[in-house]
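Subject: Structure handover

Hello,

Here is the structure you asked for. Please open it first, then read my notes below.

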Amino acid sequence: MGNYGAATASPRMPASQQPGQLRHLTESHGVKWLLIILALIFLGVVLVLPLISVFAQAFKKGVEAYLAAVTEPDALSAVRLTLLTAVIAVPLNTLFGVAAAWAITKYSFRGKNGLITLIDLPFAISPVISGLIFVLLFGSRGIFGPYLEEHNVQIIYALPGIVLATLFVTFPFVARELIPLMQAQGTQEEEAAMTMGAKGWQIFWRVTLPNIKWGLLYGIILCNARAMGEFGAVSVVSGHIRGETNTLPLHVEILYNEYQFSASFAAASLLLLLALVTLAVKSWVEWKHGRDKGG
């Protein structure tokens, strides 16, 4: 009570921390623990139990059956295609995200708000609709379909279509991570470097990039996670050709629809392992960023 009284009597206390509000935040430990318990129960039911169930079903028929399911040719082809798509899409989205964030935060131009809205567009459009857009553009009956067929170029039901669909649904992640970060940092350091004679690339590599490196890495991790797990848009443009255009999520769906439940959960466990690795890297980035910021 002595500390509380001293706090309320302090003339430096902000108006937002009046005695009634402090008492509301500190008087009831029961409410705090109730909220924590409810959060843990919710996470256990919605997150932990499903994860445990996937691995339990994956190993239901034994380790040998699990290894056979994840090493069969179709599964390996799905893994390779998933990783290849991510390897192509993530660097392209990184370049776009950095360029878009640089333009939006460092320059004033007409249509800036429109550009920001377009960057957010994939968040508002269903992934299935995104896939259909590319079918309407590059399919055999699409706008560019006859031209592509004439020149023997296949976009839909092939790797280019899968990459395009993945690019569309994942391109906001890097840009959206960098834009608020670069807006908060302002342009003072770049302007100071410019007055000292630094050129554009020198300013980017030596001033801007060190300031945004953790936000950039965080955006890349999120973009990669979405690229590897994308289902809706890729499902529309892939054609579900086994061993050729099936990514890992599509391979899981096909096995499940064929009632190969153990094999389906085994393939799903690979996606979960990739997700856990991504989560571990994300946690490391947050820890490293917090330590560097604190230091």
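An axis here is a line fitted to C-alpha atoms, for helices over the stretch in contact, and angles run from 0 to 180 degrees between N-to-C directions. Helices are DSSP runs (H or I, at least four residues), numbered from the N terminus.

This is a predicted model, where local features need pLDDT of at least 70, side-chain atom pairs count only at pLDDT 80 or more, and totals for chains, interfaces and linings use all residues. Residues are numbered from 1 along each chain as its sequence is written, and side-chain values use heavy atoms, without hydrogens and water.

Start with the helix pair. The axes of H5 and helix H6 (residues 112-124) come within 11 Å and cross at roughly 155°. That makes H5 roughly antiparallel to H6 (angles over 145 degrees count as such). Phe96, Ala100 and Ile104 of H5 make the contact (heavy atoms within 4.5 Å). On H6, the partners are Lys112, Leu115, Ile116 and Ile119.

Now look at Thr105. It lies in helix H5 (residues 73-106). Is Thr105 buried or exposed? Thr105 counts as buried because its relative accessibility is 15%; the cut-off is under 20% relative accessible area (1.4 Å probe, protein chains only). Its side chain reaches the backbone oxygen of Ala101 at 2.6 Å. Beyond its neighbours within four places in sequence, Thr105 is in contact with Ile179, Met182, Gln183 and Thr187.

Last, helix H4 (residues 63-71). Its buried residues are Tyr66, Ala69 and Val70. Seen down the axis of H4, they fall within an arc of 90° (taken from the directions from the helix axis to the C-beta atoms), so they line one face of the helix.

Best wishes

Notes: Helix = DSSP H or I, 4+ residues; strand = E, 2+ residues; numbered from the N terminus. Buried < 20%, exposed > 50% of the residue type's maximum accessible area, 1.4 Å probe, protein only. Polar contact = N/O pair within 3.5 Å; in protein donor to acceptor, adjacent residues only side chain to side chain. Parallel < 35°, antiparallel > 145°, perpendicular 65-115°, else oblique.
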